[in-house]
Amino acid sequence: MTQQIPSTEPELAGVRNFRDVGGLPTVDGRRVRYGVLFRSGHLAHATEEDAEFLSSLGLHTIFDFRNAADQKLEGPDVELPGVRNVNLPLSDPADGSGFWKMVRDGEIDQLRELLGDGKAANRMIVSYRTIIKERTAEHARVLRSLADDSVPALMHCAAGKDRAGLSIAVTLLALGVEREAIVADYLESNAKHRRYKVHRSGSSASAYSPEVMELLSPLFEARAEYLTAAFETIEETWGDVDTYLEQGLGLTPELRGLLRERLLD
């Protein structure tokens, strides 16, 4: 297949962390095709110009991995004509609604207790491991949809970093993308213009103090150790990636071949 020219990454006003996953190399020398797989934060605050750009991508399906609590907080995605929206929550509202309220409202002593001494990073690692082990049905549905007809596709959660990041990583594993390239794409979420903005309640001087930001940073950063924990969970649970894809996600060799045909040059 001919190499397509990549589109220039736009600066979207109301959608953070948007990017085309095209160009990533596979272990057998191919590359992810441009214009077929995108990732971003939520689309609830997309401007009219953002929506116009997104509509120009020819999207078939938008996968929204937010839960009901996220959608209540941020709002529904902007509607794009002719695009199918699929909501597949990868976390339960009960898992963290109280936690995130504490993050937004908590005083420094509460935050130290909740997030200090490595607790914040450990929470992220546990979350990544849990999603890999317990959300196989959702990841299986995404891969089957992509193999069937659901491209071009956009995957997003709230920040486009964790739940969407894992779903993109699982898709890239199925495509045979080099592990280092998967991690490098994941870490792109740390770029300043992509970062999810921290919203804290209250107007006290401590709301955005350096200590508060340091305590919160593990929650809002993409860290290689988080994705590595997900990869380790695959290997610990299923032995290797191929077994995870075939037995964990039900991705037959035929479906995997079709997926690669649709998404790789």
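Visitor: How do α5 and α6 sit relative to each other, roughly parallel or roughly perpendicular?
Guide: Helix α5 (residues 119–134) and helix α6 (residues 136–148) have axes that come within 5 Å and cross at roughly 70 degrees. The axes are lines fitted to C-alpha atoms, for helices over the stretch in contact, with angles from 0 to 180 degrees between N-to-C directions. Under 35 degrees is roughly parallel, over 145 roughly antiparallel, 65 to 115 roughly perpendicular, and anything else oblique. So α5 and α6 are roughly perpendicular.

Visitor: What kind of model is this?
Guide: Residues are numbered from 1 along each chain as its sequence is written, and side-chain values use heavy atoms, with hydrogens and water left out. Local features need pLDDT of at least 70, side-chain atom pairs count only at pLDDT 80 or more, and totals for chains, interfaces and linings use all residues, since what you're looking at is a predicted model.

Visitor: Which residues of α6 does α5 meet?
Guide: A contact here is heavy atoms within 4.5 Å. On the α5 side you've got Ile-131, Ile-132, Lys-133 and Glu-134, and they meet Thr-136, Glu-138 and His-139.

Visitor: How many helices and strands are there in the protein chain?
Guide: Elements are DSSP runs numbered from the N terminus: helices are H or I with at least four residues, strands are E with at least two. On that basis, the secondary structure comes to 12 helices and five strands.

Visitor: What percentage of the 265 residues is buried?
Guide: Buried means under 20% relative accessible area, exposed is over 50%, and partly exposed is in between (1.4 Å probe, protein chains only). The chain exposes about 12,400 Å², with carbon and sulfur atoms supplying 50% of that. As for the buried share of the 265 residues, that's 53%.

Visitor: Which residues touch the most other members of the largest nonpolar core?
Guide: A nonpolar core is a set of buried Ala, Val, Leu, Ile, Met, Phe, Trp, Tyr and Cys residues joined through side-chain atoms within 4.5 Å. In soluble globular proteins, nonpolar side chains tend to be buried together. Of the 65 residues in the largest core, the ones touching the most other members are Phe-63, Phe-65, Leu-146 and Leu-172.

Visitor: At what angle do α7 and α12 pack?
Guide: Thr-171, Leu-173, Ala-174 and Leu-175 of α7 meet Arg-256, Leu-259, Arg-260 and Leu-263 of α12. By class, that contact has five nonpolar, one polar and two charged residues. The axes of α7 and helix α12 (residues 253–263) are 9 Å apart, and the packing angle is about 105 degrees. That makes the α7 and α12 pair roughly perpendicular, at about 105 degrees.

Visitor: Which peptide bond is cis?
Guide: Have a look at the loop between α6 and β5 (153–156), where Pro-152 lies. Omega is near 0 degrees there, for the bond from Val-151 to Pro-152.

Visitor: Is Asn-17 buried or exposed?
Guide: Asn-17 is in the segment before β1 (19–20). Its phi is near 65 degrees, a positive value in a residue other than glycine. Relative accessibility is 3%, so Asn-17 counts as buried.

Visitor: And Asp-117, buried or exposed?
Guide: Asp-117 also isn't a glycine, yet it has a positive phi of about 55 degrees. You'll find Asp-117 in the loop between α4 (108–115) and α5. At 81% relative accessibility, Asp-117 counts as exposed.

Visitor: Leaving aside neighbours within four places in sequence, what is Asp-70 in contact with?
Guide: Asp-70 sits in helix α2 (residues 68–74). With 14% relative accessibility, Asp-70 counts as buried. Beyond those sequence neighbours, Asp-70 is in contact with Gly-75 and Arg-163.

Definitions and conventions:
Accessible areas come from the Shrake-Rupley method with a 1.4 Å probe; for residues, only the protein chains shown count as cover. Ala, Val, Leu, Ile, Met, Phe, Trp, Tyr, Cys and Pro count as nonpolar, Asp, Glu, Lys and Arg as charged, and the others, Gly among them, as polar.
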